[in-house]
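This short report walks through a few local features. Look over the sequence and the model first.

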Amino acid sequence: MADSFAPGWPIILNKSLGKSEIHRRLGQENKVRVTDTTGQGVIIFPLSSVAFMVVPLDQVLKESQGQILMNQDIIERIQRLNQLHRRAYVILVAALMGPEEMQALTALQNRFLGTKSRFIPAHNAKECVDCMVTIAKVTCKPMAGVIQERMKKLQASTVSDNVVLCVLANIGLSNHGILAAYTQSMF
C-alpha cells in the first residue's frame, strides 16, 4: 500500500496550518504548497480527490450568556467544505477526550446527522497526518480499484458460503450436521 502513495505527492495546505506540526510532518515526504485560497484549516490531497479540515475540538462549543452554543463559524466552514468537496472529512483534534470534548463531538454529529459529513477524532498532529495519509492512500486510483476488487471477492465468497449453508439445510441436515459438513468442505 505504501507504493501507491509515493513520496512527493502534492498536498495543498491552508496558510492557517503553515507553521504547524501537521505541515512539518506532511512536508517530510511530500510536496506541500501553502495557500490562502482554501478554507481555514483545510488540507487537500488532489491526486486522491479528498479534502480534510482540521478543527480543534475546544473551538466547537462556546459559552454565551450562560448557555453553551455551537460556534457558527465552524458550522459554516464545515458546510462550505462539504459543498466544495465530494470527499471531505473533518478531523477534530483534542489532546484528551474528556466530557467537554465528547459533548462537542456529539453536538457536531447531531448537527450534521443525515448529511455526508464525516468526523474523525484525533489526539495530536501525528494521528491527524496518519489518518489523512491512510485515507488518501485508499482513495487514490490504483489502490481504490484494488480495494474494490478485494471487497467484491469477499462479498462473493460470503454469498457463496450462505448458499452452501442453505443447500445443506434444505437436504435435511441438523445444525450440527450442517456445521460438520461445512467445516469439512473448507479443509
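## Terms and model

Helices (H or I, at least four residues) and strands (E, at least two) are DSSP runs, numbered from the N terminus. This is a predicted model: local features need pLDDT of at least 70, side-chain atom pairs count only at pLDDT 80 or more, and totals for chains, interfaces and linings use all residues. Residues are numbered from 1 along each chain as its sequence is written, and side-chain values use heavy atoms, leaving out hydrogens and water.

## Helix α5

Lys141 sits in helix α5. Lys141 is exposed, at 73% relative accessible area. Here buried means under 20%, exposed over 50%, and partly exposed in between (1.4 Å probe, protein chains only). Ser48 is 93 residues from Lys141 in sequence, yet their C-alpha atoms are 7.1 Å apart.

Val163 also belongs to α5, which covers residues 141-170. Val163 is partly exposed, with a relative accessible area of 46%.

## Helix α4

Helix α4 holds 15 residues, 125-139. The expected span is 1.5 Å times one less than the number of residues. That gives 21 Å, and the end C-alpha atoms are 21 Å apart, so the two agree.

## Strand β1

Asn14 lies in strand β1, residues 10-14. Its relative accessibility is 4%, so Asn14 counts as buried. Leaving out residues up to four places away in sequence, Asn14 touches Val34, Thr35, Asp36, Thr38, Gly39, Gln40, Gly41 and Val42. Contact means heavy atoms within 4.5 Å.
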